[in-house]
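Q: I have a structure open and would like to go through a few points with you. Shall we begin with how the copies are arranged?

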Number of protein chains: 4
Amino acid sequence: MLYFECDYMEGAHPEVLRRLVETNMEKTLGYGTDAYCEEAREKIRAACGAPEADVYFLAGGTQTNALVAYSFLKPCQGMISPVTGHVNHHESGAVEATGHKVIALPASEGKLSVAAVREYIESYWADENYQHIVEPGMVYLTHPTELGTLYTLPELTEFSELCRKYRIPLYVDGARLGYALASDANDISLLDLARLCDAFYIGGTKCGAMFGEALVVTNRNFVGDLFSIIKQRGAMTAKGRLLGVQFSTLFTDGLYAGICRNAIETASMLVDILRSKGYGFLAYPVTNQLFVIMEDSKVDSLRKSVSFSLWERLGDGRSVVRFVTNWATIREDVARLGELL
Amino acid sequence: MLYFECDYMEGAHPEVLRRLVETNMEKTLGYGTDAYCEEAREKIRAACGAPEADVYFLAGGTQTNALVAYSFLKPCQGMISPVTGHVNHHESGAVEATGHKVIALPASEGKLSVAAVREYIESYWADENYQHIVEPGMVYLTHPTELGTLYTLPELTEFSELCRKYRIPLYVDGARLGYALASDANDISLLDLARLCDAFYIGGTKCGAMFGEALVVTNRNFVGDLFSIIKQRGAMTAKGRLLGVQFSTLFTDGLYAGICRNAIETASMLVDILRSKGYGFLAYPVTNQLFVIMEDSKVDSLRKSVSFSLWERLGDGRSVVRFVTNWATIREDVARLGELL
Amino acid sequence: MLYFECDYMEGAHPEVLRRLVETNMEKTLGYGTDAYCEEAREKIRAACGAPEADVYFLAGGTQTNALVAYSFLKPCQGMISPVTGHVNHHESGAVEATGHKVIALPASEGKLSVAAVREYIESYWADENYQHIVEPGMVYLTHPTELGTLYTLPELTEFSELCRKYRIPLYVDGARLGYALASDANDISLLDLARLCDAFYIGGTKCGAMFGEALVVTNRNFVGDLFSIIKQRGAMTAKGRLLGVQFSTLFTDGLYAGICRNAIETASMLVDILRSKGYGFLAYPVTNQLFVIMEDSKVDSLRKSVSFSLWERLGDGRSVVRFVTNWATIREDVARLGELL
Amino acid sequence: MLYFECDYMEGAHPEVLRRLVETNMEKTLGYGTDAYCEEAREKIRAACGAPEADVYFLAGGTQTNALVAYSFLKPCQGMISPVTGHVNHHESGAVEATGHKVIALPASEGKLSVAAVREYIESYWADENYQHIVEPGMVYLTHPTELGTLYTLPELTEFSELCRKYRIPLYVDGARLGYALASDANDISLLDLARLCDAFYIGGTKCGAMFGEALVVTNRNFVGDLFSIIKQRGAMTAKGRLLGVQFSTLFTDGLYAGICRNAIETASMLVDILRSKGYGFLAYPVTNQLFVIMEDSKVDSLRKSVSFSLWERLGDGRSVVRFVTNWATIREDVARLGELL
């Protein structure tokens, strides 16, 4: 069986694992108050050029997104998301469970347009009955998006300007941020994210960590005490140093983006094969997720020997399927997949 | 000034008021346990042909809708609504504040289509990752709709069959139900609602009561004790008999639909005037709300002497405006409006 | 049957009712934006000596308390209440349903002591693990208390100083405030409440209104937009002027405290009778609620001809029962009750 | 420095870590659908003698407790807990944040008494106004308790009978369950828990796992789909097999209770030393947490070389401090602590 199902099928990158093993029997205090967490925070602040930023370590992406909604949004505010955004579609209603609407706007190739968001916000404030309508209280983007595409630095800059004009936070979900940073098509750095966003998270689970995400908060105007909120939401890792050790390792010697480069290279190899065989793509492939249009019959036969996601039945005899590479993908597997395609 | 702004500008219908005055100094127990409430419940059950139904009296529509979401939906379930539905657009996120997503589907003239709902539900259950997606847990309709249109009995029957097939409640928001019942275009009776829906409410606030809505529940498979939930949500009227007296009056001698008939007749008179002057409508007018397309300049001049809602700027020099009649509308006012148009 | 069950058995005070009838057919805009609401707000601000205060009209007490919890408390904050406080015991968990703990502290005769609250808050902040514990985020008092007792001005002043020291709001539930204002034992005025509290509500439902409470907010540091929150929570009265008319009437010519005086006088008459017959009290009676200790056999026989609350079985052959008077209580009824005791 | 601060200062037990390393590069599907999770579930079901039980793997205790409250309690229901229970005191209001009251009853040595719970429930249902009061909807116990004490099998049996009589779930928080199972004073087995409780969790984080808890559910009458709820609450571990591998290892060859035995033996060694030096205990020490009464001056000097918790200042020159042992505690450290005492 070949595995291109998702980017979290293995455990940790060997270097991360080595450090977890090495520190396993050390005794540290809990809840992120240990020296490894502090060390990791410092490295992340340095990598982001944001010495004043708060950094919180969390166990997963849905947890992080819901936490941000809960702690940043005021009552009656909602979170603007592309209709294809993870918070809108694949988190079992986690944001709504915190009491807030996801305001889903149309997306193109997984991306929100600044124009559409601007128009929505302006229309909201122009409406005579705006107080009866959920207030746009945050903009949520994913980078890379759920369709593997990337925002550009000018786009992110415009989103930032728009959000600051309306005094609402801009938040970027970076579940796969490492694969953006490693992509040749990307022009948004960690420094840009820290400068332009109010909060974003650096995904670990899908990018080399055993588990864990690092939430970077540059704007402290949120409601309530994040430490307590993390505890309250069951998102506090008792042995916080597990996260500190991992992120400290990932942010040493450029490991984070470095190990993700393999995913980009193997994805690129796969794109070439797919193109050579005439397959089309749902979205232009630039990171580690490829959304490929395929005959249903081919999908069925391929599933016997390859694990991958069936994204969407198009209803015309074709489907969209997703192939994902990651830091651990082996070139031989890509080649074998190529033969089966 | 002429008033066509909404259908809740006056107090109570004189007959309702008379009964409130008459009973004012009587002493009754609170919380809906009095004889007036019981009497009103019996009359409503009789009018609905539903001797087993539970009837709860509440103070307002948003309160009732949020209560139904809170008490009927399980965690991770959402409420399907037309995108123009009141719960989706004009309740400040009341449903989401109970922790549940409003699943907004496209609407035509304010109405959901059964086909669209069926497709959504079927797609949901066919999705391999359905457990990561908010489950469709209820269908919410408004009758008449927010655009004044009406579902037909065959449509409601189909919705009912679909919901029963998938074992989810069908809930009808009847904030203006009296105006549906009084419309010549309507073929859905209270008996149909009780037979086909799991819950619906009979709007009082906009239909002759001073305030109040009667929630009729025919399916008792909801989660939790509704009496306590009503109390918990601050929706319990201490002097419950105020609601009992009003609904008992409205359900005596056909008063409810009877008094709403005036709104239909005056609306019809206004439709004729508007048509004769060449105005177009956003939705075919059959109840007491008329959505009229008007030049912006006309809107501006008319607002000086008439109170009405600016529904939507079309952006092409025209707007949609809303004129509303009710049980208290005077024919002379319609005629005077006609002269100004 | 004689009725001493509660203070909300009748409808509205005749003068309030008269104004509702008089204004019934006037047309006004909704949601509290009408002239009657504005007039009532002005009169209340004047009576409170608080020209800058925000005044919101709501339909009931539980609704108001939950609204205050929801809009004033930050995540992870709780509301300190006496264990006998209405929010802790008789609102079906309304505050907790907004996501916040009620921190119940011991009470004496229904009253919290400043010393106990101070000690709790100081211990909280001294605890090494305070971030794992719900933060005291508000102090909730009732005046008169659930046992009919009164705070003194020095006590309220101390609570105010304590809350300001710790920058948390002091909130007073005045469901029966009129009966405090009319009591000879009371030394807290509306001006004191406005000066010392961050928010309090002036109860209408139990004090002469048909229904309604006036929430006075002097400190605007709450989270979110109260108008929208009121809408979201289903606490917005569409025909807002119903509340405006009532409170404007109650705050004309001292009607509010004036009509409550009858309750104090009839309660006092009943206290004298009870004392003369040797009955004891659970709490010293100074307002319109009397908590009387009575043999169980007497309770049972009295219930045949008098409606009153059985407060608590003491388990020793005696019970605590509650007799309540109000603005409408007739002296003849008190005399007849006296004969039956 | 000597460490007796808590039982989660190290990483994983070496055998658990070995299996995590060994399986690290295997590719598995996510969300607990892999073979390791299935294997762990089977082993746990076997150990509990509950072949029909559902087993869910979660990342932490607060997360698990809040999940149980959210998915088992109906609106207006609360969770009965000893006042010293973790859900009441040390989870930042996690249960209340799900909308439910923690009904805190007095505790003795950390334990609830069946009699007190019975009386509370009976009083509730006997109250004429019970519908205005939060309904007791679950009983929450911790075994061992927060003070290290143990329930007895007769006590647990009585709790079970009481809960079944009133048809409410009995839930046991087993954050430190391994230390109960390894204690000579314990007579409650996994089979008893599965037989008598509706749900309980087997703590991993404090008992040898790197992280993770196993929630065992024998009664499926909860509200909603637990898989989706876990996802919604951000409690779904993407790489679910991390938890499967750990619990499969812990439930092989009796490892779970076996490794916890060391904590009991070293705690017992420490108890002997403390007794010999005349120290008293807050609660009778039978598991791995010792609550010792100590002069404040001794506390201050000891803290220079030993890490331990200051539990409570008694205010009379003495304090309660907590020493905790775990699976990794070394006898030499206990001996050195003994010398310092």
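Q: Why do the copies, chain B and chain C, meet through the same surface?
A: This is a predicted model. In it, 98% of the interface residues of chain B are also interface residues in chain C, so the two copies meet through the same surface.

Q: Next topic: where in chain C does Thr33(C) lie?
A: Thr33(C) is in the loop that runs between helix H1 (14-22) and helix H2 (35-48) of chain C.

Q: Is Thr33(C) buried or exposed?
A: Thr33(C) counts as exposed, because its relative accessibility is 53% and the cut-off for exposed is over 50%.

Q: Which backbone oxygen lies 2.7 Å from a polar atom of its side chain?
A: The oxygen belongs to Gly30(C). Elsewhere along the chain, Arg241(C) is 208 residues away from Thr33(C), yet their C-alpha atoms are separated by 8.0 Å.

Q: Turning to chain B, where is Ser305(B)?
A: Ser305(B) sits in the loop between helix H13 (296-302) and strand E11 (306-307) of chain B. At 27% relative accessibility, Ser305(B) counts as partly exposed.

Q: Which residues does Ser305(B) contact, leaving aside neighbours within four places in sequence?
A: Ser305(B) is in contact with Met1(B), Leu2(B) and Leu340(B). Met1(B) is 304 residues from Ser305(B) in sequence, but the C-alpha atoms of the two are 4.9 Å apart.

Note on methods: Residues are numbered from 1 along each chain as its sequence is written. Chains are lettered from A and ligands numbered from 1 in the order in which they are written. This is a predicted model: local features need pLDDT of at least 70, side-chain atom pairs count only at pLDDT 80 or more; totals for chains, interfaces and linings use all residues. Side-chain values use heavy atoms; hydrogens and water are left out. Contact means heavy atoms within 4.5 Å. Helices (H or I, at least four residues) and strands (E, at least two) are DSSP runs, numbered from the N terminus. Buried means under 20% relative accessible area, exposed over 50%, partly exposed in between (1.4 Å probe, protein chains only). A polar contact is a pair of N or O atoms within 3.5 Å; within protein, one must be able to donate a hydrogen and the other to accept it, and residues adjacent in sequence count only if both atoms are side-chain atoms.
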